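Hello,

Here is the structure for your files. Please look it over first, then read the notes below.

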Amino acid sequence: MVTERRAVALLRVFLVVLFGILVLFQTMSLPGQFAHMAKESPDMAYLRWPATAVTVFWVLCAQVVIVATWKLLTLVKDDRIFSDVSLKWVDAIVWAIGAAWAVLLAVFLYVGFNADDPGLPLLLFLMLTGVTVLGLLMVVMRALLRQATTLRTDMEAVI
């Protein structure tokens, strides 16, 4: 079984890889893809910049989650996870997910009211549901962290 120390180290490696891939998407792939789509479908070219902005924003939200997760891993490694500092990083994750969710809801509504085919709205609804579950899960995890932090603080005061 993977130990906590190894899991943290492995997770950090994959967070760095994921962050690098997201930077690549943010700066090259997404803008290039939407430029290509604008050339291929001139009637939809007006969506190039809004689609680029929205997707780059979603990538930025994911990057915030990665950085906050990195900071939380540092707190785990230093045995300081049950502190008020950790709650601030969890709040950053919750706010990033919330911001991504709000923009996804707007995209879902826009696409849903303008779609000819139900495929894309259904896919967006699936994504919206998944992000909703993730956001609510993080809110519950934050509450658990807050309770554990309070218990640890109370136990340290007794000892």
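Asp 79 is partly exposed, since its relative accessible area is 48%. Keep in mind that this is a predicted model. Asp 79 sits in the loop between α2 (48–77) and α3. Its backbone stands out too. Phi of Asp 79 is near 55°, a positive value in a residue other than glycine. For background, most residues other than glycine have a negative phi.

What does the side chain of Asp 79 meet in a salt bridge? The partner is Arg 152, at 3.3 Å from N to O. This pair links distant parts of the chain. Arg 152 belongs to helix α4, Asp 79 to the loop between α2 and α3, and 73 residues separate them. Arg 152 is partly exposed, with a relative accessible area of 27%.

Arg 152 has another salt bridge to report. Its side chain also meets that of Glu 156, at 3.4 Å from N to O. Both residues lie in helix α4. They are 4 residues apart, about one turn of the helix. Glu 156 counts as exposed, because its relative accessibility is 54% and the cut-off for exposed is over 50%. Together, Asp 79, Arg 152 and Glu 156 are linked in a network of salt bridges.

The count of salt bridges comes to 3. Arg 142 and Asp 91 form one of them, at 2.3 Å from N to O. Please check that N to O value of 2.3 Å in your own viewer. Here too the pair links distant parts of the chain. Arg 142 is in helix α4 and Asp 91 is in helix α3, 51 residues apart. Asp 91 is partly exposed, with a relative accessible area of 25%. As a general point, side chains of opposite charge can pair when their charged atoms come close.

**How α3 and α4 pack**

Next, the helix pair. Helix α3 covers residues 84–114, and helix α4 covers residues 119–158. They pack at an angle of about 165°. Their axes are 9 Å apart. How are α3 and α4 oriented, roughly parallel or roughly antiparallel? They are roughly antiparallel, because the angle is about 165° and the cut-off is over 145. The crossing of α3 and α4 is left-handed. By class, their contact has 22 nonpolar, 5 polar and 4 charged residues.

**The nonpolar core**

Which residues make up the largest nonpolar core? There are 10 in all: Ala 68, Leu 72, Leu 75, Ile 81, Leu 87, Val 90, Ile 93, Ile 97, Met 138 and Leu 145. The largest share comes from α3, with 4 residues.

**Gly 20**

Last, a glycine in another helix. Gly 20 has its place in helix α1, residues 4–40. It is partly exposed, with a relative accessible area of 40%. How far apart are the C-alpha atoms of Gly 20 and Trp 95? The separation is 22 Å, and the two residues are 75 residues apart along the chain.

Best regards

Technical notes
Residues numbered from 1 in each chain as written. Predicted model: local features only at pLDDT ≥ 70, side-chain atom pairs only at ≥ 80, totals over all residues. Heavy atoms only, no water. Axes fitted to C-alpha atoms, helices over the stretch in contact; angles between N-to-C directions. Helix = DSSP H or I, 4+ residues; strand = E, 2+ residues; numbered from the N terminus. Parallel < 35°, antiparallel > 145°, perpendicular 65-115°, else oblique. Left-handed = near helix turned anticlockwise from the far one by under 90°. Nonpolar A, V, L, I, M, F, W, Y, C, P; charged D, E, K, R; others polar. Salt bridge = Lys/Arg side-chain N within 4 Å of Asp/Glu carboxyl O. Buried < 20%, exposed > 50% of the residue type's maximum accessible area, 1.4 Å probe, protein only. Core = buried A, V, L, I, M, F, W, Y, C linked by side-chain atoms within 4.5 Å.
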